[in-house]
Amino acid sequence: MLKPVTEKELGEAVRQADGPLAIRGGGTRLTGQAGMTLSVSGLSGISLYEPGALTMVAQAGAPLAEVEAALAAENQRLAFEPMDYRTLLGTDGTPTIGGVFATNTAGPRRVQAGAARDFLLGVRYVDGMGRAIKNGGRVMKNVTGYDLVKLMAGSWGTLGVLSEVSFKVLPRPETEATLRIAAADAGAAVRLLSAALGAPYEVTGAAYDPAQGAALLRIEGFAASVAYRAGELTKLLGAGELVEADASGALWTAIRDVAPFHGAPGDVWRLSCKPSQAPDLAARLEAEALFLDWGGGLIWARVPEGTDLRARAGDYDGHAILMRAAPDTRARLGMFQPQPEPLAAIEAGLRAKFDPRGIFNPGLMG
Amino acid sequence: MQMPQPDAGILARKSRLVARLSQLLPPDALIQDPAETRAYECDALTAYKCAPMLAVLPASTQEVSDVLRICHEDGVPVVPRGSGTSLAGGALPTADSVILGVARMNDVLETDYDNRIIKVQTGRTNLSVTGAVEEEGFFYAPDPSSQLACAIAGNIAMNSGGAHCLKYGVTTNNLLGVTLVQMDGTVTEIGGAHLDAAGLDLLGLICGSEGQLGVVTEATLRILRKPEGARPVLIGFDDSEVAGACVSDIIKAGVLPVAIEFMDRPCIRATEAFAHAGYPDCEALLIIEVEGSDPEIDHQLGLIKQIARRHDPVELREAADEDEAGRIWLGRKSAFGAMGQINDYMCLDGTIPVSALPMVLRRIGEMSKDFGLDVANVFHAGDGNMHPLILFDANKPGDLETCEAFGAEILKLCVEAGGCLTGEHGVGVEKRDLMLHQYAPEDLEAQLAVKDVFDPAWLLNPAKVFPLALTETRRARPMAAE
Ligand SMILES: Cc1cc2nc3c(=O)[nH]c(=O)nc-3n(C[C@H](O)[C@H](O)[C@H](O)COP(=O)(O)OP(=O)(O)OC[C@H]3O[C@@H](n4cnc5c(N)ncnc54)[C@H](O)[C@@H]3O)c2cc1C
Ligand SMILES: Cc1cc2nc3c(=O)[nH]c(=O)nc-3n(C[C@H](O)[C@H](O)[C@H](O)COP(=O)(O)OP(=O)(O)OC[C@H]3O[C@@H](n4cnc5c(N)ncnc54)[C@H](O)[C@@H]3O)c2cc1C
């Protein structure tokens, strides 16, 4: 395993590589990548944190936990709510901030606050030739040249190895509450979630858990405001149960970390779709278990091992990622949905420029 | 400022190109009379002008694709254009180029309140996107001050921001899908009504690419429900640094206003004389707006006022009603117009870390004395996006050049302070030659490589964004002074 501790060493390691590299942050993610492991965890530490400017700069290998602890000390947080999949995937290791951005992680707050890519302000990365490249910066608004920051976010280490990330953080709200409203099925639930998200009450979580038989709506902010908006939502949608503060927090940690599937066997899929399509799509999946997040725009499904869920899903606006499966299934179905032309050609063209030797996580994304 | 020399071969083949294009487009969509092409000679950066060889106004994605394919086959550069309000010269033509304007493509294709999206053709103006959904209580969040005129096309190309982006983000945070036509005519659908399109984040790459990667003909945008209410407060200080500290304290306290706008004394005086908004005559003024129901607004403004009082404001005025709210915003909204009344001005757009605000303001003041030109500052303080307005006299020989030199120094200062050259207006031709102050050559090479993928012939808006010397071999055309 290669484990550089500076960007310079990272560049050197890449330059000298004579075969595929499996890029790893904390290794919490089972990509099953072949090749020599290149760990970024040696590039660690927070280099700059300005709470008054809502910005942080960290080395890519900095543990997520360290970043979150520093933010918590100033009553701030990563608003896109990165999840911890270790229990779901049965992996260990320490998630890194670079891995969070490389995978464009986002939890339930995605619907309101955005994904990791919406908070990433600047990157430094090493390309496939070992060159260190900078894009973006550490300011909130920046349109100076092309936005390679977005391109690097969610590229899963296939375009470059992140060495440093700067990102926007947000204040932690005073409190939160969850309105739990009974919903007979996915159709009824998505109608509730859509109505809530289409109301002016700033819902920051909108999920449906069939096991609870309920739609869950999270509200965050100052205490009086949370109480007010919970009241208004009740008027709009009908009575529900109000789960407050820490208990509400626990509900959303469970949704975020896919707790409903913990300890259960089978493959795990994650589908992004148009919310109104979710009920029909969910039915077509014939899953052993599923639940919805993002107002219906995200479906988590657990199915028997080896199931080709993309075939079952048929046609819809969106795509499916295979999150957990045995190596042979992953090899057969691919983790990511293949891209249609001409998108595939554009992506291949970009890979050929960023990583001309094709050594970064080859085959992972296409 | 240099632009590439027009290609004599292209100019000589004009009539053949016209003949081919006129087979595809209705007569009124093809503009070749020099009296009419002049309408496209510049955008809102009027210091630079050059009429294009032709202008075309296609009415569909198919027509856009046909036009691009033909220009590609003929090796003719194409400059996409929305409404021409760019402040960076992004839509500036060359004499051998075809302007491709999307102004005729302004339909709403779909509104979907359940999924909170609207799909439009990109020639539609920013404000009329909100106009299409406001009866149902929705709005499209990014709100550049030019929103009455500017098109979604230009907003996407420049990744435009607005007064309320502190809370709602800029264009890229509100864009879900596009139809992109590449220079060779290939039509690609990226993203759509769902979140997080599959594969690489090409949507994020297209947004802010200044019309160099493809022509965007349709867009799926996120719409939001309008807040129950909004109310501004006006706070005056006798020291800009104190105003800056107040902004930082408000942010740290966990209040998230939708807007924090800042004006300094020269700007306050000019707008007062023009708009009579009743602003106090002080060193620095903040306008802070929060949203929600009345009690929520009361609570947030209460916190803000409490923090502000710790900084000894000379004025603290909360809008009691709609009327007063309107007056508080009046001065800010007419700031650019007011400055235009008293002088010619150049508007900069650098962004700095909020913490560097006092230092940067002080340095700009010092430089103003050195260059002998006044500066008025008005900007989005919450996110550090500055808009220094340098005042000059266009009729005075040498003044424009001094102003440009001063502007370049301010932008370099922004970069040194940890910021960037442009926060929302884009690079265009205006900041093209400063790019090497922010990026190393290899950083720019990585960006050029992206254009190589989308537009290998370098025909789409080729002379923008990057220093000409860096793109010369790619464009493979000689340069001439202009
Ligand atoms: C199987 C699995 C699937 C997941 N799917 C998603 C998902 O779809 N969406 C989501 O939001 N979160 C997802 N996550 C969560 C996300 O992986 C973690 O939050 C994050 O990866 C933790 O970082 P890490 O350091 O453990 O990354 P690792 O597990 O080490 O790596 C994850 C991916 O990121 C790449 N990577 C890591 N560090 C860098 C770097 N510095 N530069 C370039 N590339 C790097 C790796 O090559 C790999 O492709 C998933 C996690 C797992 C285990
Ligand atoms: C008074 C005034 C106030 C302003 N206020 C703000 C503000 O608050 N915030 C802000 O961000 N900006 C502001 N601007 C700048 C400007 O309005 C924005 O940059 C706007 O997005 C430009 O839109 P447009 O349709 O006019 O684009 P144009 O000026 O026509 O073009 C801008 C760029 O987009 C490209 N382009 C145009 N159409 C397409 C297409 N279909 N596909 C691909 N590329 C295309 C062009 O080639 C060019 O590079 C202001 C401008 C003025 C004059």
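This is a predicted model: local features need pLDDT of at least 70, side-chain atom pairs count only at pLDDT 80 or more; totals for chains, interfaces and linings use all residues.
The contact involves 88 residues of chain B and 70 residues of chain A.

Across the interface of chain B and chain A, 7 salt bridges are found, along with 28 residue pairs in polar contact, both partners being at pLDDT 80 or more. The side of chain B that touches chain A draws two or more residues from each of several elements. The strands among them are β6 (108-112) and β10 (187-191) of chain B. The helices are α7 (165-168), α8 (202-206), α9 (240-252), α11 (294-309), α16 (435-438) and α17 (441-454) of chain B. Helix α17(B) provides the largest share of this side, with 10 residues. By residue type, the side of chain B that touches chain A comprises 36 nonpolar, 31 polar and 21 charged residues. One salt bridge can be named here: Asp452(B) pairs with Lys353(A), and their closest N and O atoms are 3.9 Å apart.

Attention now turns to ligand 2. This ligand is surrounded by 32 residues, the closest being Pro80(B), Gly82(B), Thr85(B), Ser146(B) and Ser160(B). Gly82(B) also takes part through its backbone, where an N or O atom lies 2.7 Å from an oxygen atom of ligand 2. A polar backbone atom of Gly90(B) is 3.1 Å from an oxygen atom of the ligand. From Glu424(B) the side chain is involved, with an N or O atom 3.2 Å from a nitrogen atom of ligand 2. On its own, ligand 2 has 980 Å² of accessible area, and the protein covers 93% of that. Elements giving two or more residues to the shell around the ligand are β4 (78-81), α6 (152-158) and β11 (215-222) of chain B. Helix α6(B) gives the largest share of the shell, 5 residues. The shell around ligand 2 contains 13 nonpolar, 16 polar and 3 charged residues.

Over all chains, the count of salt bridges comes to 52. Within chain A, Glu50(A) forms a salt bridge with Arg138(A), the closest N and O atoms being 3.8 Å apart. This pair links distant parts of the chain, as the two residues are 88 residues apart. Glu50(A) sits in strand β3 (residues 46-50) of chain A, whereas Arg138(A) belongs to the loop between β7 (132-136) and α7 (148-152) of chain A.

Most residues other than glycine have a negative phi, and most peptide bonds are trans. The peptide bond from Glu341(A) to Pro342(A), however, is cis, with omega near 0 degrees. Pro342(A) is found in the loop between α13 (327-333) and α14 (343-354) of chain A. Asn361(A), although not a glycine, has a positive phi of about 40 degrees. Asn361(A) lies in the segment after α14 of chain A.

Methods. Residues are numbered from 1 along each chain as its sequence is written. Chains are lettered from A and ligands numbered from 1 in the order in which they are written. Side-chain values use heavy atoms; hydrogens and water are left out. Contact means heavy atoms within 4.5 Å. A salt bridge is a side-chain nitrogen of Lys or Arg within 4 Å of a carboxyl oxygen of Asp or Glu. A polar contact is a pair of N or O atoms within 3.5 Å; within protein, one must be able to donate a hydrogen and the other to accept it, and residues adjacent in sequence count only if both atoms are side-chain atoms. Helices (H or I, at least four residues) and strands (E, at least two) are DSSP runs, numbered from the N terminus. Ala, Val, Leu, Ile, Met, Phe, Trp, Tyr, Cys and Pro count as nonpolar, Asp, Glu, Lys and Arg as charged, and the others, Gly among them, as polar. A residue is near a molecule or strand if one of its heavy atoms lies within 4 Å of it. Accessible areas come from the Shrake-Rupley method with a 1.4 Å probe; for residues, only the protein chains shown count as cover.
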